[in-house]
Amino acid sequence: MSPAWYGVAVTDRGDVQRALAEVAALQRELEAAYEAEDAGRVERLLTELSAAERRRNRAMQRALASGAATYHAALPVREQVARVLGLLGRPTPVSLIRDVAAARFGDSIAGPRLASLRRDEHRSWRSARESGHRAAGRPVYLVPALTYDRLAPVRGLLALSAWPLEVRLVAPASYRVDMLHIVDRLAAELADGGDAPWTPDVERLLWRLAGTVPGAIEGSTMDLTRVRAAVAAELAQIQDADAAERVEAARRGRSQLDEEQQLFGARLTVVAPGRRAAAR
Amino acid sequence: MTRTAAEQRLAEYRGDCPSQPLTARRLAGLLDVPGCVRRQVLDAIGAPLDPLAELLGAPPGGQSPFAIIRAQRFEERVTTGDMGPLLMLLRERLGAPVTAVRECDLSAEQVRTQYQRSDDTFRARLSEQYLEQMLDGDKTAVNLLRRPVLTLTLGGEPTFVEPDLVAYTTTDQLHPVEIRSYPCIDGIADPGQVSVTAREIAVHVIAAQEVAHRLGRGRERVATRGLLALPRNFTLDATGQPLDVAPQVRRLRRILAGFPARTALARHVPEGTSLPAPPPRDAPEAVRAAAAEQAAEALGALPSRFGDNCLSCGLFTFCRNEQQAAGAVARLGNAASNLCGDVSTVTAALDLAEGRRAPTTGAEQAVADALSRAATALTWQECR
């Protein structure tokens, strides 16, 4: 992989435009929240806005610098992962994060570096909170997805702390629902991307994932509209029941867990398994 | 012999040797060596066969590291996330509906992350609870259970087995799903490998049937028809075939039911011998030699039954050498030893054949006649 190619793959015009649009949208929201005198919302939007601004700055700098052959964008692993999760929008298994990072952004994430990520994030969140400064915290953390019944962390499934609890919780059918959403996002990304350098790699990945959706792929060419229609058809059958379970679990989570547990999961001790059913 | 005395005798015999739970593969191996007391005792105390065999001079066993990595990669590919490739296979081959996508992963790592403990007893309890919901036809029950732990009783003692997957489909039955990494080339997998897998699936089916029975649901709720997921050709894409293991289940049930109780087995175990803890491969030669001597003595003290099927047992090399040293006819294979009846050594058989010893019983007479006819035929053939 040549450095020049790498630079191009990291950022393109689409990324800058998207980052700009994100900042603008957040500013409008902030204005509305300020008008409505919603202090909690303003606080949250401010954090998100500063993160979005940083992302925009980075994207812009990188887009301008990408012409230079010597430019290397060595993003930290957490940023690489956060970028993938930002694209996919749903809790994602670690191996798929790695595949998408490689296909869409040209990042190769080494396995061992992902292993300690969750613990590092938790530690960083804690120390930021103990120091008491808002500025010490990161705008977004990588957190484990949580189980819907015990609200305990799921191994090998990562999410972003900015997502609502309903999305970060996984019920039994959520694995499939989330994967279908991810397929849809990748198909949308391909449709938007046009003829970007990463298109063939993402296409190959999508081909593999879409193969598990009935009717998504016929023959030897992939039709993105067809893929998205097939995904929507399968989602229609299963997502309502799944959403209901997740909303219910999130309601329970908000009432039972403190802020830290809502992000990193409850460390419950084992009780008799018979109580599980009672808890639902 | 009382139960306590038997337990004590077996524990003494096990000595420092670590005990490990029996795998489905080892339980399926019971089909090969029915009636071998040596193997039964080792199975009853859960002694590891391969380290012992290697200590006794068998070539190092185990799979190639490349095969293991490939197997892991294939399993990861089909089971991470939503187990998409398996869902597709279940829909195509077992007729599962699109809505059957409720999954739960009970593998040791996942359970440890969520519950901070992952011992077999605990996982077996969790699995049983999920299986009960599945058998109840509960709408909120999972219908794809990954790596549940099932309890199977062997000689009155519980052992744990771990199927890759148990799936539940509309046909009102639970189906076993097994993932293997040998390829299915042009739709055909190696029949030898498939038959080994079929026997392991049979172990899982029996275990699941027993769980269903214990929960008062009836054994027939667990189907003998399962799905075998294999890599297609030389890729890591999954393909699969339905596999009915009813004959294997029937045979294995008979063997398991006939497995002697621990009190009966303890009677064969002599006092004053015990197995050593297998020393590590890089231990000094003297340590390994001492351990090997102790192991040979302990194993040699148990009666064995040697035959053609022993090839798949870990102790094959040891038992074969033993038969060879004793000059037993069993070393020549089942056909020869069946022919020789109660004449058990090669020397005795040759003596009878060549008339150096007169037969004393009717059976010996028959053997002597057969052998001398064979010897004559052989001489004639050589003369021509």
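## Leu257(A) and the layout of chain B

Leu257(A) sits in the loop that links helix H11 (224–256) to helix H12 (259–264) of chain A. The model is a predicted one. Leaving aside residues up to four places away in sequence, Leu257(A) touches Leu151(A), Gln262(A) and Ala266(A). Leu151(A) is 106 residues from Leu257(A) along the chain, and 8.8 Å lie between their C-alpha atoms.

Chain B has 384 residues, of which 40% count as buried. Its secondary structure consists of 16 helices and ten strands, and its C-alpha trace spans about 80 × 55 × 45 Å along the principal axes. Of the contacts in chain B between residues at least 6 apart in sequence, 65% are between residues at least 24 apart.

| Domain of chain B | Residues |
|---|---|
| domain 1 | 65–247 |
| domain 2 | 327–384 |

Taken over C-alpha atoms, the centres of domain 1 and domain 2 of chain B are 51 Å apart.

The contact between the chains involves 21 residues of chain A and 25 residues of chain B. On the chain B side, two or more residues each come from helix H6 (84–94), strand S1 (103–105), helix H7 (108–115) and helix H8 (120–136). The residues on this side of chain B comprise nine nonpolar, eight polar and eight charged.

How values were computed
Residues are numbered from 1 along each chain as its sequence is written. Chains are lettered from A and ligands numbered from 1 in the order in which they are written. This is a predicted model: local features need pLDDT of at least 70, side-chain atom pairs count only at pLDDT 80 or more; totals for chains, interfaces and linings use all residues. Helices (H or I, at least four residues) and strands (E, at least two) are DSSP runs, numbered from the N terminus. A residue is buried if 20 or more other C-beta atoms lie within 10 Å of its own, exposed if 12 or fewer, and partly exposed in between; C-beta atoms are placed from the backbone. Two residues are in contact if their C-beta atoms, placed from the backbone, lie within 7 Å. Ala, Val, Leu, Ile, Met, Phe, Trp, Tyr, Cys and Pro count as nonpolar, Asp, Glu, Lys and Arg as charged, and the others, Gly among them, as polar. Domain bounds come from an automatic or database domain assignment.
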